[in-house]
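Subject: Structure for your review

Dear colleague,

I would be grateful if you could read the notes alongside the coordinates.

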Amino acid sequence: MDSTFDLLTLALVPGLSPRASRELASRGPLVEALERPGEHADLLGVPAREALRSGAARRLATAEVRRAEALGV
């Protein structure tokens, strides 16, 4: 099962459609897809691949978790 953090990261990937998100998740463990975005270029556009490759999507997810924790969510 995919972790909540991986799902949050996926949700914050720029330009990723809901259909592409579902397709990506159906290919196997999401953590592996997020770690190797180049292998999923058919679903991930350049901005999405770059956000994953650079760690920007993970940083956004981390910031979102921190905001939620600060609000007591």
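A residue is called buried when its relative accessible area is under 20%, exposed when it is over 50%, and partly exposed in between. With a relative accessible area of 37%, Gly45 therefore falls in the partly exposed class. Please note that this is a predicted model.

Gly45 and its surroundings

Gly45 belongs to the loop that joins H3 and H4. Its C-alpha is 7.7 Å from that of Leu16, although 29 residues separate Gly45 and Leu16 in sequence. The loop between helix H3 (30–35) and helix H4 (46–54) also holds His40. Is His40 buried or exposed? His40 has a relative accessibility of 11%, under the 20% limit, and therefore counts as buried. Apart from neighbours within four places in sequence, the contacts of His40 are Leu24, Arg27 and Ala33.

Helix H1

Helix H1 spans residues 4–11, and Asp6, Thr9 and Leu10 are buried in it. These residues lie on the same side of H1, because the arc they cover around the axis is only 100 degrees. Thr4 and Ala11 are exposed, on the face of H1 turned away from the buried side. Packed against the buried residues of H1 are helix H2 (18–26), H3, H4 and helix H5 (56–70).

Helix H2

In H2, the residues Ala20, Ser21 and Leu24 are buried. Viewed down the helix axis, the buried residues of H2 fall within an arc of 105 degrees and so line one face. Pro18, Arg19, Arg22 and Ser26 are exposed on the other side of H2. H1 and H3 are among the elements that cover the buried residues of H2.

Ala25 is also located in helix H2. Its relative accessibility is 28%, so Ala25 counts as partly exposed. After H2 comes Gly28, which has a positive phi, near 145 degrees.

The nonpolar core

Which residues have the most contacts inside the largest nonpolar core? They are Leu10, Val13, Leu16, Leu24, Leu44 and Leu52, in a core of 14 residues. At least two residues of this core come from each of H2, H3 and H4. In soluble globular proteins, nonpolar side chains tend to be buried together. Leu24 illustrates how the parts of the chain meet: leaving aside neighbours within four places in sequence, Leu24 is in contact with Leu10, Leu30, Ala33, His40, Leu43 and Leu44.

The contact of H4 with H5

The axes of H4 and H5 are 4 Å apart, and the two helices pack at an angle of about 70 degrees. H4 and H5 are therefore roughly perpendicular to each other. On the H4 side, Ala51, Leu52 and Ser54 take part, meeting Ala56, Ala57 and Arg59 in H5. By type, the residues of this contact are 4 nonpolar, 1 polar and 1 charged. Leu52, which takes part in this contact, is also listed among the core residues with the most contacts.

Yours sincerely,

A colleague

Terms used:
Residues are numbered from 1 along each chain as its sequence is written. This is a predicted model: local features need pLDDT of at least 70, side-chain atom pairs count only at pLDDT 80 or more; totals for chains, interfaces and linings use all residues. Side-chain values use heavy atoms; hydrogens and water are left out. Buried means under 20% relative accessible area, exposed over 50%, partly exposed in between (1.4 Å probe, protein chains only). Contact means heavy atoms within 4.5 Å. The arc is that of the directions from the helix axis to the C-beta atoms. Axes are lines fitted to C-alpha atoms, for helices over the stretch in contact, and angles run from 0 to 180 degrees between N-to-C directions. Angles under 35 degrees count as roughly parallel, over 145 as roughly antiparallel, 65 to 115 as roughly perpendicular and the rest as oblique. Ala, Val, Leu, Ile, Met, Phe, Trp, Tyr, Cys and Pro count as nonpolar, Asp, Glu, Lys and Arg as charged, and the others, Gly among them, as polar. A nonpolar core is a set of buried Ala, Val, Leu, Ile, Met, Phe, Trp, Tyr and Cys residues joined through side-chain atoms within 4.5 Å.
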